[in-house]
Every structure is written in structure tokens, then in C-alpha cells.
Amino acid sequence: MQISLRRRTVASIVLLALGTAVITAPPGAQAAPATDARVDIDTRAGLATVTDTAIGVNHAIWDSQLGTPAVADLLKDAGVRMLRYPGGSYADIYHWKDHTAPGGYVAPNTDFDTFMAGARRTGAEPMIIANYGTGTAQEAADWVRYANVTKGYDATYWTIGNENYGNGHYGAAWEADDHADKSPKEYAENVVAYSRAMKAVDPTIKIGAVLTMPGNWPDGIVGGGDTGTWNQEVLTRAGAAIDFADVHWYPGGGTPAETLTKPAQIQDAAYLLRQQIDRYAGGAPGRIGISMTETNVEVGRNTQPGALFLADVYSGLLAQGVFTVQWWNVHNGLGTVSTVAGQTDYGDYGLLSSGNCTADNSTCQPALNTPFAPYHALSLIGDLARAGDQFVGAGSDNALVSAHAVRRAGGDLAVLLINKDPDAEHTVALNYNGFTPGAATPVVETFTNGAGSVTTAPSGTAGTQTLPPYSIRLVTLHPERVDAAAPRAPGRPTATVTDRTATISWPAGAAGLKYEVYRQNGGISAQLGETTGTSLTVRNLEPGHRYTINVLARDGSGRPSPASPPLTITTGTPAGAACTVKFRDTNDWGSGYVGSIDITNNAAGTVGGWTLAFNWPTSWQDLSSGWNATWSQSGRTVRVTSDADLAPGASTNVGFVGSYSGPNVLPGVFTLNGTVCTSE
């Protein structure tokens, strides 16, 4: 028996642009096909390093195949290195001691020991959800004792509950919660109690708290009686007691095409979440990790849209430093049957077929454990993202082609190309910065629409790849040469920042090195400067702008190191400007908000008639209406005009309703009659 759990979907500066290494065909070779997309890859633009828990999947106690050798081996073959148990919302009704979930179904042979046997066969770490909804801190502590003291499983990662903001506090109730107080304050206080009890048994474990993903409900909403959002309340009160933040992401999308635009939101969502953690939790930046323990799509779950989404999302999240990404689910059961891109889609959130049929037996899934399309995408991610590899910058000039790249420890470069066009192939010109590929024809792995497996064969060149419609291709390239004597990558840089300058510092390396500082720009970084010291001051930056910085070392023979870990900074606004703007989000409902702007004239003279301007940081934000002035929007630019005088020292207030369909990055830079104001 399978249970189908219904999920809800409730500028820049360039001081020195370095040239690209464009691969050309040798004399006499056949001319390359015409290209309609350009992808740039830059190994100098270092992103996150892949962890040994990166590739994850959910496993549930209502799944009769949990822990079986057949499933464990399929997951191992796909590169899965973390398994989550006992399964989503069931975690908040599950009692591990007697293996029961009152109100739900528990399949035979799915207890904790069976799960751990399967996880060990897979070679995966467990991610265990302690029962917050109907359990106790003592029950969770006893589970830690059984797992790590009695059985010696060395289970490190433990999350307190699952989607506990869905307990009715914000108006929607799907998550079990027996606490009389269902506020984030109560959840946070219990997280502290759980953490204390569980770490008293094994102080080496890591505790995770449930947060909301920016752009997903109830992000931004302040519940009745609360002083802040769910994330603000939980992090402020429980931040010192946790080791990671646990989030889910179901971005929705009514069509496959719309769904496949959603991964473009990942960088901003991860940035906002990291901002919230660092602002509210305290402690050293980066101390608290981020796990993405559920994601999936609403359209094309078993067919190619689900596969393309999985490949894009796993790559994007891992590149941003998320330490594990986990698909929902291994098996889930038949849903609404439809045809998507010419293929039968069973509406099943599972990676593998449950082998069941509709009530009238008119439609049946393939045989039990047959891999669906997202499984094959996961296997490509398992080949792309290996522990210890570093994601590097990649950018595409074609909205229907996504690109991700990983630099391997041995010097190879792996490039993942995703064609989101269901009807047409796209020929991609590949251009490299900081890397020179060898001349051999690359061996590529490809998964196409309707295919039953990934194919592997030599194809194209290092400079050109033709992608079939709705396909994923992994291209692995050997470098022209490998120099084992190259310097080691510098350590993570730090910075002190003003409105127009940033002083970048990094740990000293070996003697005699020169350091180069780069600003990321997709797949083509811009060099900001170089020095033989361990700091560099960069000038002429834009106020209120986000920059991601890397440092490379180069020895006396010119050999470059790999890129340092990335540093993301945001410049401020000028102090003591002729105007001050105070911006506030005064009421948020998860897809829109009321913005209030106070404008103060700091100048000695009266401002007779004024125009305030700002830009939306993302393409999914819009102006709905405004008051106390005349409001207009052109592209991402919003202008607010008034004929009224603003005397010296005087202030005025204007307001608006804004809408958003992704992470709501608030505007941070405002100009008054062209002058950049101080923002508060």
C-alpha cells in the first residue's frame, strides 16, 4: 500500500575584463554547427564546495519498499548520500519506540533499524526528524541514545519537526501540533529544550530548526501576537541552540514552462535566508548551515519537466552552499494522470514507480521501482557534484538554456547543460575563463525526453555542444595540462564596506605569492585588482549593490591557484547625504505588501518639486498602487513625483502596495532628484 501525500503550493563595475578562451576547430576539421546560445564558464568565480551529504532523498515509513536492497542499490547508483526519515508530516505523528503513527499508515518492515540498514547499504547519512507535533524532548533524546549509544549508528543530523508553521497559526493547518500555543515563539522555546536534551546524550549531533524559504508561504507574514515573522522569531530565540536551518521549496508554476523559470530565484532566496540567519541568530557568520529537505514540482512530476527542474535546482542550491538537497520522495503513489511533453505523467512525487493503478485499472504505473525521469536527472547530479568539488561561475545568454559547472580537485571541469525548450534543439558555444580544455572529444552523458536511461558517448567538442529538446547533458573536460605545483586556494576573504569602497582581506598563503581579486559576473569575472599583500581596497563601487568576490593566488612562475571560497558583500548608502529615506514593509501577506517611505530633506535649501526613484531588485516584483504622490513604473524602475515643496529638515511620507512572486528582496537605494539618499 502506498499513500500519496498531497503537498501544498500555498550596476555593476568592470575595472578589467579578461579575455575568454574560445575553442576553435583544428585546420581541416569539419566546421562547427551554427550556435544559438553562449555559455561562459569561469573557474576563477568560485562558489560553494560540494559536501559529502549533498545529494539527498526522502524515505517514508508508509513506503513498503523502504530500506529494501533493490531500492538501496538504485539510490546508491544515483549518488544519494543522505536519506531523510521518517517522512515529511508523518514525522510529527511518529513515535519511534513502538513504530506507530496514530492517524496514519505505517508499512510493515519500515522501522528505524530497517531504515538504517538501507541507508548503510546506500552509503548515505541519515537526516532524522524528531517528533515535535505530538512528541516530547525526552522522546527525541531517547531516540538519540538508541541510535548513537545503543546501536552506534553515528546519526549526526536531527531536525526538530517538519513544516511546523503549518500548524494553523497562520490560518492553514496540515501539520500535527498538540501544543496549546502554536506560535513561532513556542516552537523556538521547544527547539531549545529539544536541543539541550538531545545534546546531553550526544554532544556531537547537529540540530536543525524549521524555517520558511524566502518567497514561499508564510515568508514575510507576522502572525497574530507575534513580534516578527516565523524565521525572525525562531532564529532570535533559538539561534544559539541550532546548527542548521531546515527549509522546503515548492515554487509552483501552472505550466512546465513557468515551473522551469523558478530556479532563477534560488540565488536571491539563498541570499535572503543567509541574511536572516546572520542577522537574527547571532554568532559567527556561516555557523548555521542550510538544508533543503523537500522540493518538487506541481506539473510533470514523473516526466521531463520534473527532471529538468531537479537538475537545475540541485545544482543551484548546492552552488549557493546548501549542504544537502533532498527530493520528495522515493515512492509516493499514483496521482492525477496526464500527458506532459508527449509522455504519460502519473502525478507521482516519487523518483521510483509505486507500481499501482487507478481505481478502475484503466491506467497503471510501470513495474514497481521503475525509475521516473527525475531519477535519471538525479543520477546526473550525482556524477556532477562529488564531495570536495567546487562549483564555479557559469552563465547563459539564452533563457531556455541553463548551465552549471564544477571544478574537480584533480583539475577536470564538469559542465551541466539543460535545454528547457520542449520543441527545439539548441547548439551552445562554450567559452572558458581560467581553464583551457584539452583537445580530445569529450565524453558526455545525456538524458532526453522519454528516454529510459542516461546515454554515454563522445559528442561535440569542448567548444560546441548540441542539446536535444528537453534534455540534460553533462560534459566532462580534461584540462590541457595539470600542474601539481600550483598554489593552494586562499582562505575565505572578509571585507569592511562603505557605500563606494570595500577593503577585501584574506589569510596569508605561502611566501612569494601574488593575489588577484575578482568580482563574479556569471561566467565572466572582472578583475578588481592585484597585490602581493593580503588586502585590497576596491573603489568606485555602486551604493546598495551586491557583489560576490573571490581571491586567487599566483606564484612566481605564473601558476594560478583555484578560487577562494566566495564572499558576498552589499555596499551601503552615503552617510550625511542631502536626503534620507526610511523604508519599511508594514504589512506582508506572502505575495504582496504595503511599503511605507519617509523622505527627509537634509539640505539647506527647499526642494521645490521632487522625484524619488528606486529599482526593484528582481524581475518578479511590481508596483500595484501608490498614494500621497504620483507613482509610475517602467521596467524595474519606480518613480514617485510630487509638485509639493520639501523645506529644509522637513519630511513627507508616501506609500505603495507591491506584489511579488518570488523572494522579496527589498529595494535599498533611493535617489531624490538624482541624488543618492542615506537609507535607514
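Helices here are DSSP runs of H or I, at least four residues long, numbered from the N terminus. The model is a predicted one. With that naming, helix α1 covers residues 69–77. Just after α1 comes Gly-79, with a positive phi of about 90°.

Stay with α1 for a moment. Its buried residues are Val-71, Ala-72, Leu-74 and Leu-75. Viewed down the helix axis, these buried residues fall within an arc of 160°, so they line one face of α1. An α-helix has 3.6 residues a turn, so residues three or four places apart point the same way. What covers the buried residues of α1? The cover includes strand β4 (82–85) and the helices α2 (112–122) and α9 (373–384).

Strand β4 leads on to the barrel. Eight strands close into it, in the order β3-β4-β5-β6-β7-β8-β9-β10. Their pairing is parallel. From one strand to the next, the twist averages 25°. Helix α4 (residues 184–201) packs on this sheet. There, α4 touches β5 (125–130), β6 (157–160) and β7 (206–210). The direction of α4 makes about 165° with that of β7.

Strand β9 spans residues 289–295, and strand β10 spans residues 324–327. The two pair in the parallel sense over 2 bridges. Met-292 has its bridge partner in β10, and that partner is Val-325.

Next comes the packing of nonpolar side chains. The largest nonpolar core holds 110 residues. Which of them touch the most other members? They are Trp-158 and Met-198. Helix α8 (residues 304–319) gives the most to this core, with 10 residues. Leaving aside residues up to four places away in sequence, the contacts of Trp-158 include Met-198, Ile-128, Trp-143 and Phe-244. Lys-206 and Asn-148 are also among the residues that Trp-158 touches. Another core, of 22 residues, lies apart from the largest one. Among its members are Trp-616, Val-640, Val-654 and Tyr-660.

Finally, turn to strand β13 (residues 390–396). Of its 7 residues, 5 are buried, so β13 is largely enclosed by the rest of the structure. Strand β2 (residues 37–49) is joined to β13 by 6 bridges, and the two run antiparallel. In that pairing, Val-39 has Ser-396 of β13 as its bridge partner. Strand β14 (residues 401–407) also runs antiparallel to β13, joined by 3 bridges. Here Phe-391 is partnered by Val-406 in β14. With 4 residues between them, β13 and β14 form a hairpin.

Note on methods:
Residues numbered from 1 in each chain as written. Predicted model: local features only at pLDDT ≥ 70, side-chain atom pairs only at ≥ 80, totals over all residues. Heavy atoms only, no water. Buried < 20%, exposed > 50% of the residue type's maximum accessible area, 1.4 Å probe, protein only. Arc of directions from axis to C-beta. Contact = heavy atoms within 4.5 Å. Pairing = 2+ DSSP bridges. Axes fitted to C-alpha atoms, helices over the stretch in contact; angles between N-to-C directions. Core = buried A, V, L, I, M, F, W, Y, C linked by side-chain atoms within 4.5 Å.
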